[in-house]
Amino acid sequence: GFRGQVTLDGPSGTGKSSVARAAAARLGAAYLDTGAMYRAATVAVLDAGVDPEDAEAVAAVVAGARIEVGTAADVELVRVDGVDVAVRIRGAEVTRAVSAVSAVPAVRRQLVDQQRALVEAADAVVVEGRDIGTVVLPGATCKIYLTAAPEARAQRRAAQLGVRDVAEIAAIAADLRRRDTYDSSRADSPLRPAADAVVVDSTALDRDQVVDRVVELAHESL
Ligand code: C5P
């Protein structure tokens, strides 16, 4: 079987999570959703009543929170201080605040340490996020940067949420743009492809085609 590290980075709405999960299952690898960790940290911040833009207060809350994520591709386990937040982390309130929380350097250091420890425990792993190939696992065997045209990403996210209204789709597109700008322009670990990443554009591909490509690149990297 496959033994190695696959990093999957890219902006929101590229189908990254569903591709990463399916690829991990096909490779018999563990799966780590680092976005779920930043979202869980955001739950802790919101529950503490702290302003997500107040970096110092955010760092203090997250330092005291126990964030747990599972590494199995077929079950979503996300807990904050023992409480299951798997559903809540996908809500609009968390999605609005997560980019501010994840821009705080102390939060990133804490979660990156945790991510590296989880990866070390696995022989084979698919890790998805924004800075995995650049910062978290710069020595990974297989680095992939997944992109798609902005309209395709908004459509995909809308379909996922069951939204058909044109104005609502436009609002989703605006939110994706806002998050991508925030994530790409932050000082600490901005979203960008690693110099040695393979860029895969999923605009004209269906999910299975992207999964095939990821699995192929993983095998070729060994
Ligand atoms: O991937 P997902 O959309 O769940 O990520 C949510 C947010 O978490 C991103 O918009 C980004 O702000 C942050 N994130 C990050 N670094 C990662 C993964 C996610 O900053 N490795």
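**Ground rules.** I number residues from 1 along each chain as its sequence is written, and side-chain values use heavy atoms, with hydrogens and water left out. As the model is predicted, local features need pLDDT of at least 70 and side-chain atom pairs count only at pLDDT 80 or more, while totals for chains, interfaces and linings use all residues.

**Entry 1, the ligand shell.** I looked up who surrounds the ligand and found 16 residues, with R39, R108, D131, D183 and R186 the closest (near means that a heavy atom of the residue lies within 4 Å). By class I noted three nonpolar, five polar and eight charged residues in this shell; Ala, Val, Leu, Ile, Met, Phe, Trp, Tyr, Cys and Pro count as nonpolar, Asp, Glu, Lys and Arg as charged, and the others, Gly among them, as polar. Helices α2 (34-47), α4 (92-102) and α8 (166-185) each supply at least two shell residues, and α2 gives the largest share, four. Helices here are DSSP runs (H or I, at least four residues), as are strands (E, at least two), numbered from the N terminus.

Where does the ligand sit? I find it in the largest pocket, as more than half of its atoms must lie within 2 Å of the grid points to count. On a 1 Å grid over the protein atoms alone, a pocket is an open set with protein on both sides within 12 Å along at least five of seven lines; a cavity is a set where a 1.4 Å probe fits but cannot get out, and lining residues have an atom within 4 Å of a point. The pocket volume is about 890 Å³, the space filled by probe spheres set on the points. Its lining has 38 residues, with R39, R90, T95, R157 and R179 nearest the centre.

I counted two cavities of 30 Å³ or more. The largest cavity has about 90 Å³, and strand β2 (residues 30-33) gives the largest share of its lining, three residues.
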